[in-house]
Amino acid sequence: MELGLIGLGKMGGNMRERIRRAGHTVIGYDRNPDVADVDSLEELVSKLQAPRVVWVMVPAGGPTQDTVEQLAEALSPGDVVVDGGNSRWTDDIKHAELLAAKGIGFVDCGVSGGVWGLENGYALMYGGDAEHVAKVQPVFDALKPEGDFGAVHAGKVGAGHFAKMVHNGIEYAMMQAFAEGWELLEAAPEVTDVREVFRSWQEGTVIRSWLLDLAVRALDDDEHLAKLKGWAADSGEGRWTVEAAIDHAVPLPAITASLFARFASRQDDSPQMKMIAALRNQFGGHAVESK
């Protein structure tokens, strides 16, 4: 089939290549002319035969909103737009309504796989009407990993990005658990080879996983992670997961704690710990450190 792909960054560029390897035609547009196949969004649309499928891989929020609005004007009834970025599921509903007024279908698709997706395939979670999903199915089949798993029609519009959001929330908590375990092992004088402890867990343990494999790769590159600063950003997905949990009254203590741990990483001198130190000094005479 033919596909228009908007956004050819780290993910989009590799996705274009994987889809082409499966025998499909991909016409890509990006603001960077060095990687684009066409010079404009309008040219991309003109080169696709109707009914068209256009996949959007641009940053969530304003860039996605602007792109969807442009496509609403450029496409025709019967076409389908896929948002494969990290949009919030509530935005999906608005985008679907905007496009539906023009007779254009909409599918939201959470994509996981990062820089490894080109060779290993991408895990896909998509939401939307069955008739719209069917028009995109050959592309989903091209992108997904080999085998029976790795892709799911999660439900109606918004379900794909909601599922991906929860996936990322779980990822936050899993990474935090590995990080805490690693720090404790590093702090224990009895353990003399933390990296090899992590490596030993790769076989036969209940915590073996791709994240564990990646942790071992990182330790092979820098055994004590001495080259890194203890600072971690959050993409927004973790925040959205916690907010959704509040809306649904679902307790998420591990995921919430992992999000707050990211916030703590950005403090070189924790204001909260200043108050803790002051209180310990006041009630117990415990020592404090001055700047």
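## Strands, crossovers and a helix pair

Tutor: Start with S3 (residues 53-56) and S4: they run parallel and are joined by four bridges. Keep in mind that this is a predicted model.

Student: Which residue in S4 is the bridge partner of Val-56?

Tutor: Asp-83 in S4 pairs with Val-56.

Student: What sort of unit do S3, H3 and S4 make?

Tutor: A right-handed β-α-β unit, with H3 spanning residues 62-74.

Student: And on to S5. How many bridges join S4 to S5?

Tutor: Four, and the two strands run parallel. S5 covers residues 105-112. Within this pair, Val-81 stands opposite Phe-106 in S5.

Student: Which helix goes with S4 and S5 in a β-α-β unit?

Tutor: H4, residues 89-100. That unit is right-handed.

Student: Back to S4 itself. Which of its residues are buried, and on what side?

Tutor: Both faces are covered. Val-80 and Val-82 are buried on one side, Val-81 and Asp-83 on the other. So Asp-83, the bridge partner of Val-56, is among the buried residues, given a cut-off of under 20% relative accessible area.

Student: Zoom out. What is the strand order in the sheet?

Tutor: S2-S1-S3-S4-S5-S6-S7, seven strands in an open sheet with mixed pairing. The edge strands are S2 (25-29) and S7 (151-155), each pairing on one side only. From one strand to the next, the twist averages 25°.

Student: How do S1 and S2 pair?

Tutor: In the parallel sense, over five bridges. S1 is residues 2-6. Its Glu-2 stands opposite Thr-25 in S2.

Student: Which strands does H3 touch?

Tutor: H3 packs on the sheet and touches S1, S3 and S4. The direction of H3 makes about 165° with that of S3.

Student: And H7, what does that one touch?

Tutor: H7 (residues 159-187) also packs on the sheet. Its contacts are S4, S5, S6 (123-127) and S7. The direction of H7 makes about 15° with that of S5.

Student: What does S6 do on the S7 side?

Tutor: S6 runs parallel to S7, with four bridges between them. Leu-124 turns up again here: its bridge partner in S7 is Ala-151. From S6 the chain crosses through H6 to S7, and this β-α-β crossover is right-handed.

Student: Why call S6 largely enclosed?

Tutor: Because four of its five residues are buried, S6 is largely enclosed by the rest of the structure.

Student: New topic. At what angle do H1 and H6 pack?

Tutor: About 100°, with the axes 9 Å apart. That makes H1 roughly perpendicular to H6. H1 is residues 10-21 and H6 is residues 130-143.

Student: Which residues meet there?

Tutor: From H1, Met-15, Arg-18 and Ile-19. They meet Val-139, Ala-142 and Leu-143 in H6.

Student: How many of those are nonpolar, polar and charged?

Tutor: Five are nonpolar, none are polar and one is charged.

How values were computed:
Residues are numbered from 1 along each chain as its sequence is written. This is a predicted model: local features need pLDDT of at least 70, side-chain atom pairs count only at pLDDT 80 or more; totals for chains, interfaces and linings use all residues. Side-chain values use heavy atoms; hydrogens and water are left out. Axes are lines fitted to C-alpha atoms, for helices over the stretch in contact, and angles run from 0 to 180 degrees between N-to-C directions. Angles under 35 degrees count as roughly parallel, over 145 as roughly antiparallel, 65 to 115 as roughly perpendicular and the rest as oblique. Contact means heavy atoms within 4.5 Å. Ala, Val, Leu, Ile, Met, Phe, Trp, Tyr, Cys and Pro count as nonpolar, Asp, Glu, Lys and Arg as charged, and the others, Gly among them, as polar. Buried means under 20% relative accessible area, exposed over 50%, partly exposed in between (1.4 Å probe, protein chains only). Two strands pair if DSSP finds at least two bridges between them. A crossover is right-handed if, with the strands pointing away from the viewer, the path from the first strand over the helix to the second runs clockwise.
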